[in-house]
Amino acid sequence: MALSAGFTASLPTNYEYYTSTGINSGLNANQSFFTLNDKLIKIYSGAMHYFRVPRPYWRDRLRKIRAAGLNTVETYVPWNLHEPENGKFDFGEGGSEFEDFLHLEEFLNAAKEEDLFVILRTGPYICSEYNSGGFPSWLLREKPMGFRTSEENYMKFVTRFFNLVLTLLAAFQFQLGGPVIAFQVENEYGNLENGAAFQPDKVYMEELRQLFLKNGIVELLTSADSPLWKGTSGTLPGELFQTANFGDNAVNQLNKLEEFQPGRPLMVMEYWIGWFDNVGGEHSVKSDEDSRRVLEDIFSKNASFNAYMFHGGTNFWFNNGANLDNDLMDNSGYTAITTSYDYDAPISESGGYRNKYFIVKELVAADNPVQTFTPEAPEYIEPLAYESSRIEQFLPLRTLLEENSPISIRSEQLLPMEMLDINDGSGQNNGYIVYQKDNVDLEENSVLTIEGNVCDTVLVLVDGDLVAPTKLSSLADLDGFGYWRLKDSSVQINEEPKFQSTITLLVENMGRVHGAGIYQYNHTFKGLWQGNVTINQRNIYDWEVVPLELKKQWINELKGWSEFSTESSGPGMYKATLSILEEPRDTYIDTRGWGKGMVFVNGFALGRYAAIGPQFALYLPAPFLVNGDNSIIFFEHFSAPADGLIAYTDEQIFINPT
């Protein structure tokens, strides 16, 4: 192996140790310990997702993982990013909005050059608190659609994607000189077990396994579930090597796993070393003491492990997932994940070192039976708090729609975004959707009603003026009109009679459910689709539907801007310039003082923010900035801060809601 710059060693590297005499075999789990190429190995792995980290930072994060003494990196492969439209694939230069994050082959090569083996978790379902659990939204257009089952239509699309992606990945297998030592088949499939309502489909699991075999995959095939909670319901005993997912109770979990696979090594595919955050929830942390204790328990069982997450990163763009309460399938039980996926991981969102990092490094060094060269930990370059930018321009929603609507669709009925006939028949995946009705005569004190639940927030405007809701400042606001919890919600939209008015409904997709099965996914359309919209109990028909996908080129070419003033308010775009006269540094955009919306940097959708927390700063990596003028745009639901400034900070800000 050719070492990347910075490697010097007297000890052999991982690849030198395991391949110096040639490669005869891969990762073997047919005895009580792992061997790799017939040499003893314990897997010390850290999760890092290439699609949550800017491409220029991949090597820095990989080097930091290796410098902790870990010998492996684990990553998912998100189907929805690599096939964003039906039949259109992107592995780095496919022309999608997210293409720069998708150079999977480059990531695998970098991992090897940084002396790390790789565990690939290819789905098709990945969970990962990621948008739709990795499923493309266009699958919702196909009927029937038996998500995560052997249903024929679902498997047709899985087969097409796997035949492509596994052919690509086969060349990176360890036994062919590459870094990949194991592949996971599906993910936490046992979690779907629900008595008579659903039993995991073993035919489906076998069909997936056969796809790996038919596409030339020879490395170890694994599954992952909680042994205590789900037993062997999510795996194929004897065909897939079962691993464990848990955050605590390590000894009991591993004892149970040992019962299922006697005489075979123990592997924790996900030790939850931190946790994720929900919008409006408390910021999640796991103490250093708990992390040390659980790792020591894992090592006491002589088990291998993957720390999930070792570097969490960020749900850039529209890529956060969401939860849906299984008992409340009407969207009232919906909860979105934050843009930050910091996860309280050993390596922070911006690449900094936490105490957990050094705890892992200490424990792995003491436990590892094999000595190989470990590089020095790269320097952490701390983010910089730039001077605040003054908001210079304002583009109200009404003007935005009048002068910039990319496409308009006439529809008698309300349609969810997935069913719009755009993107070559793939529908709308992300962003907002507008339902507009012109020439409406309103009686005094007219009442607008939205039947069913909103998916996921709605703003109501009359003649361009915001009527409801007018704020998001506390968790209690989520129980009122405009948010997903309220079913069959109504609001008064005027006092005096109005004639030939324009009614505008701006609906936000806050992120798709990331963990569910066949029923849940088929009921997670976005927009207004669960019933009619009425005014004074009369159904409104013949809508103008406008998909606001908020793509980079469209953002950068927006027309109709006016000068911002203290009287500029309401839904719309608020624009400032961040001027940088030297090499850009990482920073955070401080979102305190704003209500709800999205931030765009040089046209790229950086992420979401909400005044109910717990996240109050959006990580802005230096590679997204340029030396010179940078466009910073808030797409805000309500109004800008009173001081008219966009502030920057040098740290992530988490504040628990009160």
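Modeller: What follows is a set of questions and answers about a predicted model.

Biologist: Let us begin with the rings, then: why are Trp79 and Phe135 called an aromatic pair that is edge-to-face?

Modeller: The ring centres of Trp79 and Phe135 are 6.1 Å apart, and rings pair if their centres lie within 6.5 Å, so the two count as an aromatic pair. Their planes stand at 70° to each other, and because planes over 60 degrees apart count as edge-to-face, that is the word used. By this rule the count comes to 59 aromatic pairs.

Biologist: Which parts of the chain does the pair of Trp79 and Phe135 link?

Modeller: The pair links distant parts of the chain, for Trp79 is in helix 3 (residues 79-82), while Phe135 is in the loop between strand 6 (117-121) and helix 5 (152-170), 56 residues apart.

Biologist: How do you know whether Trp79 is buried or exposed, and what about Phe135?

Modeller: Buried means under 20% relative accessible area. Trp79 has a relative accessibility of 0%, so Trp79 counts as buried, and Phe135, with a relative accessible area of 1%, is therefore buried as well.

Biologist: What makes Tyr334 and Trp484 an edge-to-face pair, and why is that pair said to tie together parts of the chain?

Modeller: Their centres are 5.5 Å apart, with 70° between the planes, so the distance is within 6.5 Å and the angle is over 60 degrees. Tyr334 lies in strand 13 (residues 334-336) and Trp484 in the loop between strand 19 (465-468) and strand 20 (487-492), and because these parts are 150 residues apart in sequence, the pair ties them together. Both Tyr334 and Trp484 are buried.

Biologist: How do you know that the charged end of Arg148 sits over the ring of Tyr125?

Modeller: The charged end of Arg148 is 3.6 Å from the centre of the Tyr125 ring, and the distance part of the rule asks for a value within 6 Å. The charged end of Lys64 likewise sits over the ring of Tyr353, 5.3 Å from its centre.

Biologist: Why is helix 2 described as largely enclosed by the rest of the structure?

Modeller: Eight of the ten residues of helix 2 (residues 58-67) are buried, so the description follows from that count. Among them are Trp58, Leu62, Ile65 and Ala67. Helix 2 is followed by Gly69, whose phi is positive, near 95°.

Biologist: Finally, how do you know whether Thr658 is buried or exposed, and what about Glu188 and Asn439?

Modeller: Exposed means over 50% relative accessible area. Thr658, in the segment after strand 33 (645-649), has a value of 93%, so Thr658 is exposed. Asn439, which lies in strand 16 (residues 432-442), stands at 57% and therefore also counts as exposed. Glu188, in the loop between strand 7 (180-184) and helix 6 (202-214), has 13%, so Glu188 is buried. Although neither is a glycine, phi is positive in both, about 45° for Glu188 and about 55° for Asn439.

Terms used:
Residues are numbered from 1 along each chain as its sequence is written. This is a predicted model: local features need pLDDT of at least 70, side-chain atom pairs count only at pLDDT 80 or more; totals for chains, interfaces and linings use all residues. Side-chain values use heavy atoms; hydrogens and water are left out. Rings of Phe, Tyr and Trp (its six-membered ring) pair if their centres lie within 6.5 Å; planes under 30 degrees apart count as stacked, over 60 as edge-to-face and the rest as tilted. Helices (H or I, at least four residues) and strands (E, at least two) are DSSP runs, numbered from the N terminus. Buried means under 20% relative accessible area, exposed over 50%, partly exposed in between (1.4 Å probe, protein chains only). A charge sits over a ring if NZ of Lys or CZ of Arg is within 6 Å of the ring centre and within 35 degrees of the ring normal.
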